[in-house]
Amino acid sequence: MNPYSEPERLTVMLACCYKASQSHFSHLPMRYLISPPNHMLDAALARQVALYVFHDEFGVPRRRIVAMLGIARSTMLMAVRVIEARRADGVFDRMYNRVASRAGDLFMAELAKAAEAA
């Protein structure tokens, strides 16, 4: 990864968000987080968590995420609304904080690998 290339950095950030979300939803394969089947509500929630972490923790604007992933604006808006509403519950908020922290740690590890490779 080139840390000076914004598209590469954003791609790695998103991958870290998906991986961190999958660490909590370990029963789901990665393909279900990326494109959740309609009948799997837990996969949809895992994706919403990943998208919200990408937006909230990494500071990526919602419009950028929509354009990057090719999803509908309503999908992103729903993810933000669902996660913000669920964070009122203490148990969910602790889970979210663990996932967000893990995503940050994974990204920093990727940056360290890139620095070592350079």
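Residues are numbered from 1 along each chain as its sequence is written, and side-chain values use heavy atoms, with hydrogens and water left out. Because the model is predicted, local features need pLDDT of at least 70 and side-chain atom pairs count only at pLDDT 80 or more, while totals for chains, interfaces and linings use all residues.

**Helix α3**

Select residues 41-56, which form helix α3. Helices (H or I, at least four residues) and strands (E, at least two) are DSSP runs, numbered from the N terminus. The 16 residues of α3 reach 22 Å from first C-alpha to last, close to the expected 22 Å at 1.5 Å a residue; the expected span is 1.5 Å times one less than the number of residues.

Now colour α3 by accessibility. Buried means under 20% relative accessible area, exposed over 50%, and partly exposed in between (1.4 Å probe, protein chains only). The buried residues of α3 are A43, L45, A46, R47, Q48, V49, A50, L51, Y52, V53 and F54. They pack against α1 (6-24), α2 (30-34), α4 (62-69), α5 (73-86) and α6 (90-117).

**S21**

Next, select S21 in helix α1. S21 counts as buried, at 0% relative accessibility. Contact means heavy atoms within 4.5 Å. Neighbours within four places in sequence aside, S21 is in contact with L33, A46, V49, A50 and V99.

**Two helix pairs**

Two packed helices are described by the angle between their axes and the distance between the axes. Axes are lines fitted to C-alpha atoms, for helices over the stretch in contact, and angles run from 0 to 180 degrees between N-to-C directions.

Show α3 with α6. Their axes come within 10 Å and cross at roughly 60°, which makes α3 oblique to α6. Angles under 35 degrees count as roughly parallel, over 145 as roughly antiparallel, 65 to 115 as roughly perpendicular and the rest as oblique. On the α3 side, the contact is made by L45, V49, Y52, V53 and D56; on the α6 side, by F92, M95, Y96, V99, A100 and A103.

Then show α4 with α5. These helices pack at an angle of about 130°, with axes 9 Å apart, so α4 is oblique to α5. Select R62, I65 and V66 of α4 together with R73, M76, L77 and V80 of α5 to see the contact.

**Salt bridges**

A search of the whole structure finds four salt bridges. The criterion is a side-chain nitrogen of Lys or Arg within 4 Å of a carboxyl oxygen of Asp or Glu.

Start with R64 and E6, where the closest N and O atoms are 3.2 Å apart. This pair links distant parts of the chain, with R64 in helix α4 and E6 in helix α1, 58 residues apart. R64 is partly exposed at 36% relative accessibility, and E6 is partly exposed with a relative accessible area of 36%.

Move to R87 and D93, whose side chains meet at 2.7 Å, N to O. R87 is partly exposed at 24%, and D93 is partly exposed at 21%.

Finish with E110 and K113 in helix α6, which are separated by about one helical turn because they are three residues apart. The closest N and O atoms of their salt bridge are 3.3 Å apart. E110 is partly exposed at 28%, whereas K113 is exposed at 52%.
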